[in-house]
Amino acid sequence: MNKKAKVLVVDDSLFFRTAVTRGLSEDPDIEIVGEASDPYDARDKILALEPDVMTMDIEMPFMSGVEFLKILIPQWPIPVIVVSSARQYFSEAMKAGAFDCIPKPVERTSDKFSVFINDIIKKVKIATSAGTSSAYLKSSKSTPLSGGHSFPGFIAIGASTGGTQATSQIIKKLPADMPGMVVVQHMPPVFTRMYAENLDRVCDLNIVEAKNGDEILPGRVLVAPGERQMEVVKNGTGYFVRCYEGPKVGGHCPSVDVLFSSVAKVAGKNAVGVILTGMGSDGARGLLEMRKKGAYTIGQDARSCVVYGMPKEAFDLGAVCRQVPLSDIPGALLNHLKTKF
């Protein structure tokens with residue numbers, strides 16, 4: 001290895017946390033950058049220390065390891081090696097994005113622990129070399145839109161529960177010459193930046209957390225920052241985002257309704273709206289405003305949603321021009337752009 005693997009050890013058991021830390025520290029190619037006793041502690045340590053690999057127990061206070069993986073991996077796809085006695089959850093952990101799973105030894109003898117630690121060392125080195133989980137590796141190049149750049153506007157996407165994965169699946173299938181895109185995903189501060197940075201690494205498009213005054217440009221995706229409302233404004237011939245501290249709308253900041261309503265006002269038929277999986281009704285009325293102003297609107301169907309709340313409310317209001325499964329949304333966008341513009 002060219003450099004030491006930076007490892008964060010997460011376990012609520014002081015005994016195992018100490019044992020894993022001491023054991024891994026004996027390898028010259030591994031550096032323990034921190035320890036955490038629960039998922040919330042781990043979240044803060046990941047942001048502060050940026051480890052290459054994390055070892056993590058499953059049964060922990062406040063939130064299980066599986067639940068934490070489901071939140072963490074789509075936003076910060078670090079290789080996670082599950083180290084736990086709860087073997088019955090290993091399958092769920094792997095589905096949630098764990099790199100590998102290692103059972104804790106039942107007998108705490110020196111021989112058993114030596115084998116246990118060596119196994120973790122081996123997996124840490126493999127994970128460091130492999131990097132991001134294969135589920136989040138860059139997909140094959142998308143076919144250029146070839147003409148879609150003539151579209152005079154942009155695409156607006158809104159999502160909540162299950163939306164990080166849904167939005168990722170859409171954007172990863174779109175080519176680099178797509179019209180600009182703006183995204184509101186219900187997510188707290190810092191995580192929106194992490195989500196944008198990690199999605200940018202696996203997509204042909206350029207994805208960034210939006211800053212006030214950013215221009216919506218072809219090939220660029222602007223993700224609304226957590227605890228900021230984001231609107232679209234027009235200045236001359238260009239479209240820009242306005243990000244600001246504001247009250248929650250419908251319980252949300254950022255709010256999909258705030259984004260969609262602003263798009264309806266300034267872009268009209270020069271916009272496409274997409275509403276994805278999410279609890280509640282945020283975005284439904286805004287999408288209806290967009291459709292009334294001539295925008296083409298797409299809603300995710302019930303079967304492919306994690307929560308069929310926001311898309312259902314939009315569909316019931318008559319805000320959706322076309323309702324399709326998640327896997328068909330990239331094609332629906334491309335076909336609309338190719339045939340209409």
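In which sense do strand 12 and strand 13 pair, and over how many bridges? In this predicted model, local features need pLDDT of at least 70 and side-chain atom pairs count only at pLDDT 80 or more, while totals for chains, interfaces and linings use all residues. Residues are numbered from 1 along each chain as its sequence is written, and side-chain values use heavy atoms, with hydrogens and water left out.

Strand 12 (residues 271-275) pairs with strand 13 in the parallel sense, over four bridges. Strands here are DSSP runs of E with at least two residues, helices are runs of H or I with at least four residues, and both are numbered from the N terminus. Two strands pair if DSSP finds at least two bridges between them. Within this pairing, V274 stands opposite I298 of strand 13. Right-handed means that, with the strands pointing away from the viewer, the path from the first strand over the helix to the second runs clockwise.

On its other pairing, strand 13 runs parallel to strand 14 (residues 322-324), joined by three bridges. Here G299 stands opposite Q323. The chain reaches strand 14 from strand 13 through helix 10 (residues 310-317), and this β-α-β crossover is right-handed. Is strand 13 itself buried or exposed? Five of the five residues in strand 13 (residues 296-300) are buried, where buried means under 20% relative accessible area, exposed over 50% and partly exposed in between, using a 1.4 Å probe and protein chains only. Y296, I298 and Q300 lie on one side, T297 and G299 on the other, and both faces are covered.

With a relative accessible area of 18%, H186 counts as buried. Its side chain makes polar contacts with the side chains of S160 (2.8 Å) and H252 (3.5 Å). A polar contact is a pair of N or O atoms within 3.5 Å; within protein, one must be able to donate a hydrogen and the other to accept it, and residues adjacent in sequence count only if both atoms are side-chain atoms.
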